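Good morning, and thank you for the time. Please keep the sequence and the model in view.

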Amino acid sequence: MKFSPIIPMLYTNELEATIDFYVNGLGFTCGEYNEDWGWAALHLGDCEIMLAKPNEHTSFHKPTFTGSFYIKTDSVEVLWERFKDKVNICYGLETFDWGMREFAVYDNNGYVIQFGQQV
């Protein structure tokens, strides 16, 4: 049995603004976008995030998530320099006892996106 990487699906009522945040703020590319479906797929290297406007199958009042989305990289310092003045910072670049150097940002919906590199 084989499993593929998890691809988060983030719900938002602000689809276009969220695409703009990830593309212009974090450097993702918008690989697919369907306005009729209210859906988009964003890519950054091997990382993929899907965005969707809520539909009749989704109980949605506002963006909520009790965790974060963690993106591993080999260039966390470069990303920190690129993002630190462009986005809302959750916490700054720091090296932790568990051997990761990381930082976190909030997207335009309030979701937490962490970027980390093993040290």
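I begin with helix α2, residues 76-83, whose buried residues are Val76, Leu79, Trp80 and Phe83. Seen down the axis of α2, these buried residues fall within an arc of 105°, so they line one face of the helix. That arc is taken over the directions from the helix axis to the C-beta atoms.

Before going further, some conventions. This is a predicted model, in which local features need pLDDT of at least 70 and side-chain atom pairs count only at pLDDT 80 or more, while totals for chains, interfaces and linings use all residues. Residues are numbered from 1 along each chain as its sequence is written, and side-chain values use heavy atoms, with hydrogens and water left out. Buried means under 20% relative accessible area, exposed over 50%, and partly exposed in between, with a 1.4 Å probe and protein chains only. Helices (H or I, at least four residues) and strands (E, at least two) are DSSP runs, numbered from the N terminus.

What covers the buried face of α2? The cover includes α1 (15-25), β6 (88-95), β7 (100-106) and β8 (112-118), where contact means heavy atoms within 4.5 Å.

Three of those elements belong to an open sheet of four strands, in the order β5-β8-β7-β6 and with mixed pairing. Two strands are said to pair if DSSP finds at least two bridges between them. The edge strands are β5 (69-72) and β6, each of which pairs on one side only. Within the sheet, β7 and β8 run antiparallel and are joined by seven bridges. Arginine 101 stands opposite glutamine 117 in β8. Helix α2 packs on this sheet, touching β6, β7 and β8, and its direction makes about 25° with that of β7. For such angles, axes are lines fitted to C-alpha atoms, for helices over the stretch in contact, and the values run from 0 to 180 degrees between N-to-C directions.

A second open sheet has four strands in the order β1-β4-β3-β2, again with mixed pairing. β1 (9-11) and β2 (29-34) stand at its edges with a single partner strand each, so one side of each is left without a neighbour in the sheet. Neighbouring strands here are turned by 20° against each other on average, direction ignored. β2 pairs with β3 (residues 39-44) in the antiparallel sense over five bridges, and cysteine 30 stands opposite leucine 42 in β3.

Helix α1 lies across β1, β2, β3 and β4 (47-52), running at about 165° to β2. Its buried residues are Leu15, Thr18, Ile19, Phe21, Tyr22 and Gly25. Is glycine 25 buried or exposed? Glycine 25 is buried, at a relative accessible area of 11%. Beyond its neighbours within four places in sequence, glycine 25 contacts Asp20, Phe83, Lys86 and Val87. Just after α1, glycine 27 takes a positive phi of about 85°.

Finally, the whole chain. It has two helices and eight strands, which run β-α-β-β-β-β-α-β-β-β from the N terminus on. The radius of gyration, taken over C-alpha atoms, is 15 Å, close to the 14 Å that the globule rule (2.2 Å times the number of residues to the power 0.38) gives for 119 residues, so the chain is as compact as a globular protein of that length. Buried residues make up 39% of the 119 residues.
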